[in-house]
Amino acid sequence: MPPPKDVVKIAIQMVGAIPQLIELQQVPLGTPTPPPWTPHPTSWPPSRLQTKPLASVLKDVCDAWSLPNAECYALQYADGRQTYITELNRGEIKNGSILRLTTSPDQEAERLYSGIQSNNSDVKTDSLKKLASLSQDVTFAQEFINRNGLKQIFRIVEEGNDTGEMLAHTLKAFMELMEHDFVSWETLSAAFIKKIVSYVNMNAVDASVQQLSLSILENMVPTSRLFFELVKKEVTLDRLLTHLQVMNAQLQLKAMALLIALLLAATDAERRDMMDYLWEKNIRQFIHKNIIHSSEPLGDEMAHYLYVLQSVSLNLCERRMRTSMDPYSQEQRELLQSLRQTAFESESDASANNFSTERRRSLCAKEFRKLGFTNNSNPAEDLRRAPPGLLALDNMVYFSRHTPNAYSRFILENSSREDKHECPFARSSIQLTLILCEILHVGEPCSETAQAFYPMFFGQDHFFEELFCICIQLVNKTWKEMRATQEDFDKVLQVVREQITRTLSLKPTSLELFKTRVNALNYSEILKLRQTERLHQEETLAVPVLELRERLKPELLELIRQQRLLHLCEGTLFRKISSRRRQDKLWYCRLSPNHKVLHYGDVEEGVRSPPIETLPEKIPVADMKMLLVGKECPHTKEKSSGKQNKDVLELAFSVVYDVEEYCLNFVAPTRYEFCLWMDGLNVLLGKEMTSERTQTDLDVLLSMELKLRLLDLENINIPDTPPPVPKPPSNLNFCYDFSQAEQ
C-alpha cells in the first residue's frame with residue numbers, strides 16, 4: 001500500500017554510522033500532535049512526526065545512535081547548499097531527501113569564531129574557509145553575527161597584512177554574511193573601507209581579493225551618498241580602466257560593475273563629467289574592440305552593464321531634449337543664426353550692406369523658410385516644443401558644422417524645388433530627433449535586467465549626432481523616392497522610422513554598416529515588405545481558409561505543447577534578484593524527462609546546462625497548485641517598498657506547490673523565456689497556454705501548413721524519394737565574407 005500523501009520518507013546520515021530511514025508527516029504546525037510511533041512499512045523503522053518539535057526529532061535521532069547532548073546537533077541537507085533544518089524551513093523537506101546529523105549552528109559558529117582568532121595561521125585559514133562556506137546559510141549567519149563575528153572579521157581586515165588566500169576567505173565570508181541583510185552596509189568603519197580600497201588600488205595582490213573588494217565597493221556605493229563620494233575619490237576612474245583592460249574576465253566584470261554602480265549613484269552633473277572623462281580615455285573604443293569583439297562570448301551580466309553604459313550615455317541628452325528654446329538667450333540665437341549663415345553665407349554677406357534693416361529682416365525670414373522652419377519670422381518658436389527641445393537644434397548645428405557639404409546640398413537642393421515638393425530641413429530635423437529619442441529610449445530609466453545594446457554605439461564618438469546625420473539624409477532620400485509633398489510629411493517620417501527600426505534590429509556593428517543597410521532599405525523595399533505582410537494577412541481571411549485553420553489548430557497546439565515541455569526539460573538559467581543588488585546568484589531549473597518532477601538548484605557562473613542529477617531540489621508536478629504572475633508573486637511583493645522596476649514585474653512568476661502552498665519564485669531572463677515557461681507550466685497544470693508567444697507560434701505554423709495544403713500540385717509529379725544532393729562546387733571563390741565588411 002502506498003504511503004499517505006502527507007508523509008515523506010527521508011534518510012539521515014552520520015559519518016561512521018548506519019543511516020537512519022525515517023518518516024516525517026507533513027502536517028501543518030499547530031495541529032494536534034499524533035502519537036510519536038505510527039504504523040509503517042516493514043522496511044522502515046518507526047517514524048518521527050513532523051508535528052513534533054525539531055528538538056524532539058533530534059533527540060530521537062541522537063538516541064538511536066547513542067549520542068548524548070542532542071542540543072549540540074542539528075540536521076542539514078547532505079547535498080546542494082547544505083542548509084540547516086529549522087522550524088521555519090522544515091516543511092520544505094521533500095520525499096527522498098537525504099539529511100545528515102552535524103554540529104548545531106550555534107556550536108559551529110562558536111567554534112569558528114574561536115578559530116578565526118587563532119594564532120596558528122593554518123587553523124585560522126581553515127576556519128575562515130569554512131566560515132565562507134557556512135555563511136551562505138541564514139541560520140548559521142545569524143548565530144555568527146549574534147556573537148559579534150563581523151567585528152572580528154573587520155579586525156582581521158583592518159589589522160592584517162595578508163593579501164592571499166586567508167584574506168580572500170575573509171572577504172568571501174564577509175560578503176556572504178552581508179547578503180542576509182542582518183547588518184546595514186552603513187555601519188562599516190572608515191578604516192575597513194580604506195583597507196578594501198587599498199586592495200583595489202594595489203598591483204601586487206591576488207586577483208580573487210581584488211574581485212571581492214570590487215564587489216564589496218559595488219554593494220556599498222548605492223547605500224549611502226557618503227560611501228559614493230568616498231569610493232569615487234579613492235578609486236579613480238583611471239584605476240577602474242586599468243582593471244577593465246586586464247585579461248581576467250571576472251576581474252574585468254567586477255570593475256565594470258563598480259563603474260556602473262558609480263554612474264548610477266552620481267548626480268547628473270557628476271555623471272556627465274565622469275562620462276566625458278571616460279570617452280576622453282577611449283573606453284568606448286576599448287569596449288568595442290576588446291570586450292564586444294573579443295574571442296570569448298559576451299556573458300549576460302557584461303551585456304547588461306554595456307546596456308546600462310549605453311543608456312546612461314544617451315540619457316545625457318535628456319536635459320537638452322526637455323529644454324525649450326529661450327528666444328532671449330544670446331547663445332541659442334547665435335546657434336540658430338549659424339544655420340542660416342552656413343547655408344546662405346555668400347548671399348547674406350553680399351546683401352548685408354546693400355539693404356535696409358527691414359529688408360535684411362525680410363531676407364532672413366525668407367532664408368529661414370528655405371531652411372524649413374514653419375515660423376519664418378520667429379524660427380525659435382519651432383523649437384519651443386520639448387521634447388525634442390534644444391536637442392533638435394544641437395543636431396542641426398552638428399550636421400551643418402561636421403558635414404557642411406551634405407548640409408548645403410540638402411538645403412540648396414530643396415530650395416530649387418517647387419514649394420509643395422521641398423523637404424523642410426528644420427521641420428524634418430525636429431521630428432527626426434524626436435523619433436530617435438523614442439527608438440533609443442532617451443530619458444527612460446535603465447532596466448534592471450535588459451541586455452539589448454547596440455554594438456555600433458561603442459564604435460563611434462558622438463553616436464547620437466552621427467546617427468542623426470545619417471538619418472536626416474535618409475529623410476531627404478526617402479522624400480524624393482516617395483515624390484512627397486508637404487501633405488505627405490507624416491507619411492514620409494513614418495517610413496523613415498520603419499527604415500531605422502528594421503535596420504537597428506539587424507544589430508549592425510558600425511555606423512558605416514548601418515548607413516549601408518538603411519540606404520539599401522529604400523521606399524520600394526519597404527513597400528514590398530508591407531505588401532508581402534498584407535498579402536499574407538489577406539490570404540488567411542477567406543472563409544474556406546478560416547475553416548481549414550480551425551481544423552488544423554488542435555494538432556498544431558499539441559505540437560506547441562510538446563515543444564514547450566521539451567524546452568522545460570532542457571531547462572533555463574535564472575538569476576536571483578535582491579533589493580540591494582541587481583542580480584545575485586545563478587540557479588537552474590529543468591523538468592524531468594518523464595514530466596513528473598521539477599529539478600532546481602544553485603549553479604556557478606559559466607555553467608550552462610548542468611546534469612539533472614546535480615540539481616538537488618525537487619518539486620513533484622503533482623504537488624503544483626497554481627501559477628502566479630507579476631504583482632501577485634510573493635518575491636515582487638517583498639520588494640514593493642522600494643521603487644519597483646517594470647521589467648522585473650513583467651518577467652516574474654511563481655509556482656505554488658504542496659499543501660502548505662510554498663512558492664518557487666522565478667524572474668525570467670527574457671520575455672521569450674517567460675512565455676515558454678508560462679506555457680509549459682500551464683500545460684503541466686492542465687490549463688490553456690495563454691502567452692503571446694503561443695499565438696505567434698500558432699500563426700507561423702498555421703501559415704506554413706496552410707501554404708502546403710493550398711499548394712497547387714496539379715500536373716506536378718511528386719517523387720517518392722528526395723532528389724539527390726548535388727556535388728559541391730570545385731571552389732568557393734564566389735562566396736562573399738560579410739564578416740570582413742562589418743569590421
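Here's a quick tour of a few local features in this predicted model.

## Two helices side by side

Let's start with a helix pair. Helix H13 (residues 283-292) packs with helix H14 (residues 300-314) at an angle of about 165°, and their axes are 13 Å apart. Angles over 145 degrees count as roughly antiparallel, so that's the label H13 and H14 get. H13 passes H14 in a left-handed crossing.

Who makes the contact? On the H13 side you'll find Ile287, Ile291 and Ile292, while H14 brings Met302, Leu306 and Leu309. That contact is made up of six nonpolar residues, with no polar and no charged ones.

## Prolines with cis bonds

Most peptide bonds are trans. Now look at the loop between helix H18 (357-370) and helix H19 (390-402), where Pro387 sits. The bond from Ala386 to Pro387 is cis, with omega near -5°. Pro387 is then joined to Pro388 by a cis peptide bond too, with omega about 10°, and Pro388 lies in the loop between H18 and H19.

## Positive phi values

Most residues other than glycine have a negative phi. Ser66 isn't a glycine, yet its phi is positive, at about 60°. You'll spot Ser66 in the loop between helix H1 (54-64) and strand E3 (73-77), and it counts as exposed because its relative accessibility is 62%.

His462 also has a positive phi, near 50°. His462 is in the loop between helix H21 (425-439) and helix H22 (463-482). With 47% relative accessibility, His462 counts as partly exposed.

How values were computed
Residues are numbered from 1 along each chain as its sequence is written. This is a predicted model: local features need pLDDT of at least 70, side-chain atom pairs count only at pLDDT 80 or more; totals for chains, interfaces and linings use all residues. Side-chain values use heavy atoms; hydrogens and water are left out. Axes are lines fitted to C-alpha atoms, for helices over the stretch in contact, and angles run from 0 to 180 degrees between N-to-C directions. Helices (H or I, at least four residues) and strands (E, at least two) are DSSP runs, numbered from the N terminus. Angles under 35 degrees count as roughly parallel, over 145 as roughly antiparallel, 65 to 115 as roughly perpendicular and the rest as oblique. A crossing is left-handed if the near helix is turned anticlockwise from the far one by less than a right angle, and right-handed if clockwise. Contact means heavy atoms within 4.5 Å. Ala, Val, Leu, Ile, Met, Phe, Trp, Tyr, Cys and Pro count as nonpolar, Asp, Glu, Lys and Arg as charged, and the others, Gly among them, as polar. Buried means under 20% relative accessible area, exposed over 50%, partly exposed in between (1.4 Å probe, protein chains only).
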